[in-house]
Amino acid sequence: MTKRSVIRQQINRALMSGNPHDYVIVYIDRDPVAGQRLAELRADRVIGVSEWAMTLDDGDTVIPLHRVVEIRGPGGTVWRRGSRS
């Protein structure tokens, strides 16, 4: 299973949990002004997950899955880049 497949699977689990607002996705944001930084978003902002990216509820923002570094749920970290899960 590829890393993107694992990330996609974990995001879909959060979305289907019934409480996606309880999950936080941490990703690398590349802002032209602020530069590269870590940003967080609640999983309930995600309206679609493809093989390579997730689309947010503004209909305009697409975040590649390779930028996701961590997914947190109600019980703590669900997935983290570099850990086996």
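Two strands count as paired when DSSP finds at least two bridges between them. In this predicted model, β3 and β4 meet that mark with 3 bridges, running antiparallel. V49 stands opposite M54 of β4, and the two strands make a hairpin with 3 residues between them.

M54 is a handy place to start looking around. Leaving aside residues up to four places away in sequence, M54 touches I11, I25, V46, G48, V49, T61, V62, I63, L65 and V68. M54 also turns up in the largest nonpolar core, a set of 18 residues, where it is listed with I11, I25, L41, V46 and V68 as having the most contacts inside the core. At least two residues of this core come from each of α1 (3-16), β1 (24-31), β2 (35-42), β4 (53-56) and β6 (68-73). The biggest share is from α1, which puts in 4 residues.

Now for the sheet. Four strands line up as an open sheet in the order β2-β1-β6-β7, with antiparallel pairing. β2 and β7 are the edge strands, each pairing on one side only. From one strand to the next, the twist averages 30°. The helix α1 packs on this sheet, where it touches β1, β6 and β7, and its direction makes about 150° with that of β7.

Within the sheet, β1 and β2 run antiparallel and are joined by 8 bridges. V24 belongs to β1 and stands opposite R42 in β2. The contacts of V24, again not counting residues up to four places away in sequence, are E40, L41, E70, I71 and R72. Further along the chain sits R80, 56 residues from V24, yet the C-alpha atoms of these two are separated by 12 Å.

α1 is 14 residues long and spans 20 Å from its first C-alpha to its last, close to the 20 Å expected at 1.5 Å a residue. Its buried residues are S5, V6, I7, R8, Q10, I11 and A14, so called because each has under 20% relative accessible area. These buried residues pack against β1, β3 (46-49), β4, β6 and β7 (76-80). Just after α1, G18 takes a positive phi of about 90°.

Key:
Residues are numbered from 1 along each chain as its sequence is written. This is a predicted model: local features need pLDDT of at least 70, side-chain atom pairs count only at pLDDT 80 or more; totals for chains, interfaces and linings use all residues. Side-chain values use heavy atoms; hydrogens and water are left out. A nonpolar core is a set of buried Ala, Val, Leu, Ile, Met, Phe, Trp, Tyr and Cys residues joined through side-chain atoms within 4.5 Å. Buried means under 20% relative accessible area, exposed over 50%, partly exposed in between (1.4 Å probe, protein chains only). Contact means heavy atoms within 4.5 Å. The expected span of a helix is 1.5 Å times one less than its number of residues. Axes are lines fitted to C-alpha atoms, for helices over the stretch in contact, and angles run from 0 to 180 degrees between N-to-C directions.
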